[in-house]
Structure formats: C-alpha cells, structure tokens
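Please read the following walk through two chains and the place where they meet, with the model open beside the text.

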Amino acid sequence: MSTATSDVTKPLDTIVGGPVPVKRRRRSKHRPAWEEPAGPVGLAVKGIALTVVAGVVLIPLYSIVLTSMSSKATISAAGGMVFVPGEITFDAYVQLVNGGVVGRAALVSIGITVVGTIISTIVSAMAAYGLSRPGTLWHRPILFVFLVTMFFGAGLIPTYLWVSNLGLINSYWALILPGAVSAFNVLIMRNFFMGIDGGILEAARIDGASDARILWQIVMPISKAVTAVIALFYGVGYWNAFFNAVLYIRDTEKWPLQMVLRAYVLQGQPIPGSGGTSVDVATGDIASLSVKMAVMVLALVPVLVVYPFVQRHFTKGIIFGAIKG
Amino acid sequence: MKTSPDRQPLTQAPIHRRSFLGMLAAGAAVIGVPSLLSACGGTASTGSSNAGGVALTSDHLPTYVPITYVEPDYPSVNGSVPGFETIPTELVQSIKAPPGKGSSFTAMTPLWGTPPPTSGNAYYAAVDEMLGSTLKFQIADGNEYGTVLATALAAPKDLPDWVSVPTWNIPPRFATEVVPNVFQDITQYVSGDKIKKWPNLANIPTAAWKYSSFDGKVYGLPFPTGVINDAIFYRDDVLTGLGITPDVTNGQDLIDLMVEVTDPATKRYGAHDMWTAATIIHGVVPKWKVGDDGQLLHRVETEEYRAALEWNAAVFASGAVHPDVDNTWAKQLFWDGEVVILNDGIGSWHENLAQMLSTNPTWSQKPFAPFGADGGEPTYFKGNPCNIFSFLKKTDDEDRILELLDLANVIAAPFGTVEFDLIANGVEGVHYERGADGLPVPTDLAKTELQPTYMFLVDGPETNARVQYPGFVKASSEFSQLAAGYAEEPVFWGLQISEPDQYASIGQPFEDLEKDISRGRKSITDLDAAVATWKSAGGDELRGFYQHLLDES
Amino acid sequence: MSTTTEAKAPEPAGVAASTSSTRKPRPAVRKIKLSTRLKRDRSMLLMTLPAVLLLVVFAYIPMMGNVIAWQKFSPYTGFFFSPWVGWENFVRVFSNPQFLNAVENTLFITLFQIVFYFPVPIVLALLLNSVLSPRLKTSIQAIVYLPHFFSWVLVITIFQQMFGGAGLISQALRAAGREPLTIMSNPDTFLVLVTSQAIWKDAGWGIIIFLAALSTVDPSQYEAAAVDGAGKWRRMWHITLPALRPVIILLLILRLGDALTVGFEQLYLQRDAVGAARSEVIDTYVYFQGVQYGDWGFAAAAGLMKGVVSLALVLGANKLAHVFGEAGVYKKS
C-alpha cells in the first residue's frame with residue numbers, strides 16, 4: 001500500500017490540476033465555521049484513541065531503547081524488559097562497537113544498502129527517463145517488459161536455481177542484483193518525469209544537451225522529492241532484506257544485520273563474544289538482554305535517522321505517481 | 001558459546017562439537033536425528049549392497065591400524081572416551097614434512113561461535129604451512145547449517161572442495177542423489193591396506209568408516225565420536241547452597257528434586273524441557289527395536305516411548321519447568337541459575353566450565369549417575385560412530401584427491417602429536433603462552449583467530465584431556481566409563497541406511513506431539529491416534545523395509 | 001522478493017496511468033524511418049538498457065526456469081538433461097495433504113486479515129481526518145507510518161519482547177501472580193497474532209490512500225449538510241463513507257488479487273515457534289519442499305500453480321479496478 005501520503009490535498013490537486021477545493025476559512029484555529037465544536041466527551045475519546053495509537057507504536061520502541069541502555073542490575077530488578085528508567089549505561093553499545101559478529105554484520109548491511117540503493121536508484125531513474133518521452137522507439141514494448149514483472153513473478157525455486165547457476169552463491173551481489181529494479185518504482189518516477197514541463201527539456205535539447213545531461217542537470221534536480229522517496233524504498237528494502245541472505249549467503253562472516261537479529265535476538269542463541277573485548281556477555285556485567293536490545297536499536301537507527309528527512313516528501317513523491325490517472 | 005580466555009581447547013577434541021550435541025539434547029524438536037538419518041531410495045542397488053544402500057561385505061573399508069602415542073589415565077571402556085590427566089611434554093611429529101603441493105582448497109564447516117577472520121589469520125597461516133597447502137574456510141552458522149547445506153548442495157557448481165556434513169543436517173535424497181553426483185568416491189584410495197599410506201586416517205575406527213559409506217563405497221571422512229552423548233546435569237553449586245545433596249535413583253526422585261528446588265519468587269526453576277532425559281531414563285530406542293517376537297517396533301510404538309512421554313508430562317505438570325522453556329535458550333537459563341537441572345550433551349560440561357569459571361569461580365555442575373526411571377538399570381543406546389563427516393567434491397583430478405587425503409591425514413593427527421597441538425592451540429607466543437603450570441594460556445589473538453574448524457572435516461578418535469579444569473578429566477571420564485557400561489547397540493547401529501524417499505516426513509508429527517503432550521496441550525491418548533496415522537501413512541511399509549534389511553543381515 | 005508486497009497494491013492505478021498516457025500522443029511517428037528513429041532515440045534506449053537487462057536476467061530467465069515443473073529435476077543433471085514427467089508433479093501437488101493444508105492456511109489468513117485488518121486503516125484515516133490541528137495530524141501520521149519501514153525480523157522480535165513468555169507483559173502478569181501470555185507460540189491463536197503484527201506494521205501506512213480519498217471530498221458538501229442540520233455522524237454516514245466506498249472496493253479487489261501471497265518472511269520466521277500445522281502457507285511450503293528437501297520439480301509446480309492463480313486474480317481484479325476507477329475517486333477531475 002505504498003501509495004499516497006499525509007495531507008494529500010494540496011500537492012495532489014496542484015500537480016494533477018484537479019479542481020482545487022474551495023479553501024475554507026478556518027476560525028478558532030482550523031475548524032470551519034459550520035462545524036460544531038467538539039464536545040468534551042468527543043474530544044476525550046479522540047484524544048485517548050490517538051494516544052493509544054501513538055502509544056502502540058512508541059511504547060515498544062521506548063522500552064527497547066531503554067533496556068538497551070540499562071545496567072544489569074536494573075534489568076534484573078525489572079525482571080526483563082525495562083519500563084521505568086534505572087541505572088543507565090552504554091556498555092552494551094561499547095560491546096557491539098568493539099567488533100564481533102554484530103559489528104561486522106552492521107558494516108555488511110550498510111555496505112549492501114549504500115551500494116544497492118545507489119545502483120537501484122540510478123538504474124531506475126535512467127529507465128524512467130528513457131521511458132518518459134512517449135513516441136520514442138520501442139517505447140511500448142519496453143514498458144511492457146516492466147509491467148509484466150509486476151504481474152507475474154518467476155517464483156522462488158527457479159529464481160534460486162538460476163541465481164546459484166550464475167555463481168552468485170555466497171556473494172554480496174546475490175543480495176543486490178535480483179531485486180535491484182522494481183518496476184513499480186520505475187513507473188512512479190516515470191510518471192513524475194512525464195509531468196515535468198516539456199518546454200524546458202525541449203529547449204535544452206535544442207541547445208544541444210544530451211539526454212544524459214538533461215536527466216542529470218535538469219530532470220533530477222527538480223525531481224528530488226520523488227528520488228528521495230524511491231531511494232528510501234530501495235534503501236529500506238536492502239536494509240531489511242533477510243530471506244535472500246538465508247538463501248544465498250553461506251559464511252556467517254557475511255551475514256547482514258537482519259540475520260544476526262534473527263539468530264541472536266529472535267531465536268535467543270547466545271551472542272558470540274566479540275573478539276578483542278574482555279567483557280563477557282553471558283556472565284559479565286552486561287546483561288545479555290541489553291545487548292540484544294542494542295542489536296535491535298542498531299537495526300532501527302538507520303531507518304529512524306533517514307525517515308524524517310524523507311517523510312515530508314511522501315506527499316509530493318508518491319501520491320503523484322500512484323494516484324494520477 | 002563465546003570466546004573467553006580459558007575456553008580455548010587444550011586438546012583439539014571437540015569444544016564446539018559438543019555444544020551441538022548439547023543442542024541435540026536441548027533442541028530435539030529442531031533436529032530429530034533419527035528421522036533424518038538418510039532418505040530416498042528406489043535406485044538400482046549395486047552388487048555389493050542391498051536395497052537400503054548397506055554394504056553386505058566390508059572389503060571396501062579401510063584397515064584399522066590403531067596408534068597410541070600416549071597411554072590414557074582413563075582407558076576407553078565399551079567405547080567411552082579415554083581421559084588424560086596430563087599433557088605430554090614431548091610431542092611426536094607424526095608427519096615428517098608438509099605433504100601438500102601448495103594447492104589451494106575451499107572448505108565449508110559449521111561453527112557454533114564467532115567466526116574468525118578467514119584472511120590475514122595467523123592461525124590458519126600456521127596450519128596451512130604445516131599442511132603445505134592452503135585451506136580456505138567458508139564458515140557457516142552451526143544453527144543454520146541445515147539450510148546452508150541444503151542450499152549449497154543445490155548449487156553443485158559453487159560447492160567447496162571439502163564439505164563438512166553433520167549427520168543430523170543430512171537432507172533428503174542425500175544418499176541417492178547428492179552423494180553419487182556431487183561427492184568423490186574415495187574407496188579406491190582408502191580401502192583395505194591402502195589406508196596405511198595415511199597412518200592417522202588408519203587410526204580411525206572401522207565403525208566410523210562404515211558409517212561414512214554409502215552404497216558400499218567410502219565417501220565420507222569421519223569425525224569419530226564416543227558412544228555416550230547425553231547426560232542429565234545439575235548445578236552442584238546451587239544445590240549445595242540450598243543444602244541439598246541429591247540422591248536420585250528413579251524418575252520420581254528426579255521430579256521431587258526438581259519441585260523442591262523450584263522457587264518462582266527468586267526465578268529459580270527445577271527443570272527445562274526434560275524430553276531427552278525422559279528418553280534416557282526410560283531407555284527409548286533411537287529408532288527401531290526388535291520386539292519379543294522378532295518383529296521390529298518403531299520407537300513411537302514402544303512402551304518406553306509412551307512412558308517417557310508420560311513422565312515428561314508429569315515434569316511439566318509439577319510446575320518445576322521454567323516458564324520461558326520455549327523461547328529462551330536452555331544453556332542461558334542454566335548459566336544464569338534460573339534452571340537447576342538440565343539434560344545436555346556431555347561436551348557442554350567443559351564448555352560451561354570454560355564459559356563460567358572466569359566470572360564465577362564457584363561454578364560447578366555434575367551429571368546424575370545413570371539410573372532407570374523405575375529404579376532399575378538404565379540403558380544407554382549408543383550414538384552414531386561419528387556424528388559428523390566430510391566429503392570431497394567430485395573431481396577427475398586424482399592429484400587433488402590424493403592431496404586432500406594427505407591434508408586429512410595431518411588434520412586427523414591424534415592427541416600427543418605436534419600436529420594435534422598446533423591445530424588445538426595455535427602457535428606458541430602468538431596464540432598461547434606457557435603458564436606457570438606448563439599449560440598453554442590462550443592470548444587475546446587466539447580469541448579472535450582460533451576457533452575449532454578443522455575437526456569438523458576429519459579427526460582422530462575422540463580424547464578428553466581438558467586438564468585445565470581441576471578434577472574435570474577424572475569426573476567426566478568416570479561418568480563416561482560408568483555410562484558406557486550400560487551402553488547397548490540399537491538394531492541397525494552404525495549402518496548408513498538409505499530410507500525410501502516417501503517415508504521421509506511421516507515421523508514429523510511426533511516432534512510436535514512430544515511437545516504438545518509434555519506441555520499438557522494434548523493427552524497421551526492422542527499418541528494412539530498418531531501412531532495409527534503413522535502406520536497408515538507408510539509406517540508399516542517402512543517397517544517392512546527395515547525388516548527386510550534385518551532379515552538379510 | 002522483499003519489494004513485491006510493497007509494490008503490489010497500488011500498481012493497477014499506476015499501470016492504468018502509464019498505458020493510457022502512452023496511447024495519447026502518437027503523432028506521425030510511423031513515417032520516420034527506423035534507422036532515423038534509432039539514431040534519434042539511441043540515448044533514450046541506452047538509458048533503459050541496464051534496468052531491462054537486470055529484469056531479463058533476474059526475472060525473465062527465471063520465469064522460463066519454471067519448465068522444471070514438468071521435469072523430474074535435479075540440479076546435478078540440469079535443466080537440459082532432467083527427464084520430462086508431464087503433469088506428474090502437478091498431480092502430486094494436488095493430492096498432497098500438506099499442500100492442501102498450506103492452501104487452507106493461506107486462505108484462512110487472508111480471510112481473517114480482510115475481516116480484521118482491512119477496516120483498521122479506514123477507521124484510523126477517519127480518526128486522523130477529524131483531527132484539526134495540522135501539526136498534530138502530521139506528527140501522528142509520521143508515527144503510524146514508521147513501522148512500515150521496519151523489517152519483519154524486527155517486528156516479530158518486538159512482538160516477542162512485548163508479548164512473549166519472557167516479554168514485558170508476561171513479566172508484569174507474573175509479577176501480579178498471573179499466568180504469562182502464550183500467544184507467541186500458541187497455534188490456536190496464531191491467526192490473531194499474524195493479523196495483529198500486520199496491523200501494527202502496515203495499517204498506518206495503509207491510511208495514506210484513504211486520506212487521499214477523504215481529501216477529495218468537497219467541504220461544501222459538509223457545510224451544506226451541516227446547514228441542513230445533519231449531525232457529525234450523519235455527515236460521516238452520508239458524505240464521508242460514500243466518498244470512501246470506491247477506494248474501499250478498489251483495495252478489497254486488489255487484496256483479493258493478492259490473496260495467495262501472505263507475508264512470507266513473517267510466517268517463515270514464526271514457523272518454528274508455532275509449528276507448521278497452522279503457519280505453513282503456500283510460499284513457505286514451496287520453499288521447504290524445494291530448497292530444503294530437494295524436490296525441485298514438485299516445488300516449482302506448487303509455486304507455479306500459485307503464480308497462475310494469482311495472475312488470474314490480479315488480472316481480473318485489475319479489470320474490475322479499471323471499472324471502479326472510472327466511476328470512482330480519481331475521476332473527479
């Protein structure tokens with residue numbers, strides 16, 4: 001359901017060019033004149049509902065972050081997950097940063113995400129631009145090539161056999177290439193590019209600019225929003241990818257973070273000690289639970305860091321591609 | 001399972017191997033060894049073997065030429081692991097010069113721990129130098145090894161030159177499709193007296209070679225194991241603290257003790273899932289039993305199995321089982337003292353010592369002396385002659401096969417040799433320093449670089465020389481000797497049988513049933529229905545298949 | 001693999017857009033010679049090349065690999081030498097109780113989610129739409145969208161830490177002398193668990209399209225109704241919900257088209273804890289039969305059956321979506 005976004009009204013209408021809804025003048029902040037003021041009960045119910053909704057998302061995150069920063073004593077006192085802050089320590093993170101399986105996996109994940117996102121976004125933007133001028137040669141058959149993949153997947157078994165035939169087993173490329181192009185994302189970008197004022201592009205072309213140059217210097221700069229959103233989609237996909245690693249990666253050394261998360265946090269295997277540290281996870285001063293939660297936080301952080309910057313673009317970026325038409 | 005200073009093996013013998021045996025005990029649901037023995041059939045059998053791929057002759061097997069460099073203080077009794085109280089000061093160099101030709105090979109092994117760096121690793125470099133060739137490891141997570149192996153075998157092109165295969169990870173169709181298509185038949189190199197070219201391989205007992213044979217041909221290089229795999233352990237230190245001296249001679253005693261030590265207020269529980277313990281004390285066969293009338297009975301049809309289920313259900317019903325039994329690793333709870341009694345692999349014993357002694361000097365665990373559920377004599381069914389073997393990738397290049405066998409001969413060097421010592425402890429001054437007592441003390445570098453990997457390819461007969469834990473060799477060797485005294489060979493012991501494919505999954509429901517009945521979610525009467533289903537789903541035909549094998553031999 | 005679920009839902013709208021827009025401007029292109037066009041459009045074609053190549057290699061060639069469904073395939077003999085067995089694999093698939101169990105679970109999970117998951121985003125959207133302060137509204141939106149970007153591993157781990165036998169809630173229950181929760185490992189309540197996880201992860205993201213639909217309602221309608229004396233609830237019943245109806249129908253159809261795909265990773269990750277009897281779905285079944293048990297032809301046949309049925313459903317749903325799309329929300333302009 002990766003379609004529209006927040007308060008969709010303005011961008012949708014301005015871009016699509018539909019009838020702009022009559023702008024209501026709003027009194028007492030944002031309420032239209034005709035709307036009766038909410039009663040205290042209604043307000044309370046609404047307030048509670050919203051708090052619950054936000055709480056359902058935030059409380060687990062809060063407890064996870066807090067537990068990851070709690071000392072062993074606090075965790076034992078709480079009997080497990082910590083809800084009331086006690087003694088705060090960052091030992092669990094020190095432990096992770098010092099290397100070992102988790103640190104290595106984080107590096108692997110970062111590498112795959114960065115390389116994969118760059119490749120995917122560039123390839124998709126190029127394809128989207130290449131398809132954005134109707135009437136170019138073989139335009140429709142090429143478009144069809146993209147569309148078919150959205151309706152019919154090859155299936156896990158043939159894909160697996162083929163990828164292993166290509167010799168990609170145990171290679172990071174097996175985590176990147178098979179899912180590098182999402183036809184859906186290409187189409188979103190294409191639709192956005194098609195909405196760009198053709199006059200500017202035509203002018204540049206007459207001035208002798210190559211298509212590559214037009215894409216790079218004119219189209220991309222005005223398409224930052226959609227690019228950001230598409231890059232986020234790809235990036236999150238790579239960061240979260242788990243099953244491809246189950247299929248294609250043999251060495252534990254090459255595990256991405258999600259595999260580590262599953263093995264040591266979800267399945268509860270003891271986290272192997274990280275080489276070079278004297279701190280003993282299983283028995284020392286650090287509770288194994290706080291290390292596990294620190295692994296979770298590590299898996300969360302990139303999403304949390306990137307998300308706010310991109311979130312505001314959802315509106316412009318996605319709604320357009322999906323709802324237009 | 002983690003690296004800590006004193007956990008590095010003094011002897012090469014299996015530190016981590018035992019942890020999966022521990023898992024074998026703890027996580028029976030995941031593993032289910034007997035049902036995965038092997039699978040598939042239906043191909044024409046060769047002249048030398050029967051329908052189950054079992055050889056009728058033993059001509060293909062290597063001659064057994066035992067070597068003893070050091071006399072054990074606790075000799076092997078009925079297959080128990082020999083124990084050594086001291087490390088010899090003079091080590092024997094069993095192979096004169098590096099046998100390798102400078103080639104490079106890849107090897108895939110499991111590891112239950114932190115994978116060491118595979119490049120720039122001084123330990124691997126030193127062993128490679130001793131081998132004269134380069135072994136490049138692909139180390140996969142032991143807990144995921146079944147999946148890794150299945151995916152690896154499906155991509156034969158990318159298969160490493162040398163692949164470790166734990167017997168409980170053997171996928172279906174292994175014997176019929178995988179082995180002959182993917183792996184190298186080494187019979188012509190190792191059969192009979194030809195093995196004498198590699199004395200350390202000739203030192204591997206015949207039973208292990210037999211178990212590594214498929215369809216009358218030797219394919220596997222074994223990692224031989226002692227016959228006793230599991231024990232029921234208790235936290236000696238905790239019981240002492242409570243002022244309890246355990247006196248357990250039957251099943252009810254054990255339940256009573258578990259209830260006695262349970263105290264939810266202090267998060268202390270008597271037990272984890274005791275299913276493996278239940279099968280031990282009730283003498284449940286691993287797979288088949290010859291009934292009084294000479295007919296085969298499957299394990300799930302036996303009285304012992306039923307009694308074990310009832311007993312384990314009683315354990316759960318007693319309230320002594322830790323509430324996190326299904327989502328927290330048993331070992332972790334045992335370490336934390338939240339679970340006081342645990343069934344686990346014997347190897348977990350010294351692993352726990354390595355793990356715990358540095359932070360908890362008073363840590364102590366002990367196994368209960370073997371007892372039967374009814375107070376009578378227990379029956380320990382022997383484990384497989386080897387629980388892990390390895391295979392060489394099929395190749396036409398005979399030189400490479402011979403070179404790999406040369407390397408295997410080095411890796412299989414037994415206790416008391418220079419080769420064994422280097423593989424177990426690394427390089428002196430780099431991976432360990434001599435302590436005041438002359439025992440090697442691992443350095444920090446050893447913690448990152450030195451993990452047991454070679455032994456998952458091939459190993460000499462198992463030995464116990466963990467002299468760094470005071471009293472351990474004595475206690476564990478004595479237990480092992482005692483338990484081995486009760487050891488019995490189950491029918492079909494040590495045979496590599498290729499079960500027809502269609503029966504591969506009919507045993508599956510019992511894994512769930514064992515959990516459900518134990519936890520009171522289902523009753524023991526559901527067992528009858530499950531057995532009836534099993535029979536009609538092919539159980540009776542499977543019995544016929546095995547009966548035929550039995551009659552033949 | 002991981003992007004498919006994200007990509008599926010809105011595609012027909014996008015597809016409709018692209019195909020319809022390609023049709024419009026087709027002037028006298030035909031008359032220009034191919035070589036001239038090739039020269040003119042060379043750079044555009046080159047730009048699509050990398051993406052097309054990736055799709056050919058990683059989507060189209062594997063698609064052809066489905067021929068193994070008619071083979072007794074073995075990786076050791078390969079695509080070209082494995083013997084052909086006709087429809088044998090398909091016959092085995094349909095006579096296999098485990099496969100039928102997986103189909104049953106798949107359908108049950110889908111149905112359950114349609115009933116209990118589907119309405120949640122609508123209610124949330126209505127609730128959010130009634131929030132007047134834009135700042136509060138955006139903040140809440142930012143919060144509820146967030147879990148959509150978490151991996152399944154993370155989501156399930158979070159659930160385990162909250163609702164597991166050793167989780168936050170069980171801890172509190174135990175402290176209060178009550179029995180801890182068993183929902184994370186109880187097969188009987190697995191449907192509830194799977195659906196709650198889906199709601200937690202994706203319901204917030206699902207409100208986007210409903211909010212878009214709500215934003216197209218002309219506020220003057222509300223005003224007129226209010227002037228006529230219609231109260232809040234009546235306005236919602238008579239104006240808001242009718243405005244949402246086409247979107248609801250559209251999404252329902254799309255969901256049906258996707259009925260055979262229920263979160264693979266979500267179920268795979270919880271299969272051990274709950275047992276295959278309740279958690280095995282077609283996708284996980286295909287995986288285990290193929291990759292784990294090496295019955296490649298059989299697994300490919302099962303996967304292909306799923307693909308074909310899904311394709312039929314998707315195409316049918318797409319047709320319907322076009323119909324409703326014409327009459328529905330987006331054609332206001």
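Chain C contains 16 helices and 0 strands, where helices (H or I, at least four residues) and strands (E, at least two) are DSSP runs, numbered from the N terminus. This is a predicted model, in which local features need pLDDT of at least 70 and side-chain atom pairs count only at pLDDT 80 or more, while totals for chains, interfaces and linings use all residues. Residues are numbered from 1 along each chain as its sequence is written, and chains are lettered from A and ligands numbered from 1 in the order in which they are written.

Of the 333 residues in chain C, 47% are buried, a residue being buried if 20 or more other C-beta atoms, placed from the backbone, lie within 10 Å of its own. Chain B has 20 helices and 17 strands, and 56% of its 553 residues count as buried.

Within chain B, strand E6 (residues 220-224) has 5 of its 5 residues buried, so it is largely enclosed by the rest of the structure. B:Gly220, B:Pro222 and B:Pro224 point one way from E6(B), whereas B:Leu221 and B:Phe223 point the other way. E6(B) pairs in the antiparallel sense with strand E14 (residues 386-392) of chain B over 5 bridges, pairing requiring that DSSP finds at least two bridges between two strands; in E14(B), B:Ile388 is the bridge partner of B:Phe223.

Where the two chains meet, 19 residues of chain B are in contact with 16 residues of chain C, contact meaning that the C-beta atoms of two residues, placed from the backbone, lie within 7 Å. On the side of chain B that touches chain C, helix H4 (145-153) and helix H5 (174-182) of chain B are the elements that give two or more residues.

Methods: Buried ≥ 20, exposed ≤ 12 C-beta atoms within 10 Å, placed from the backbone.
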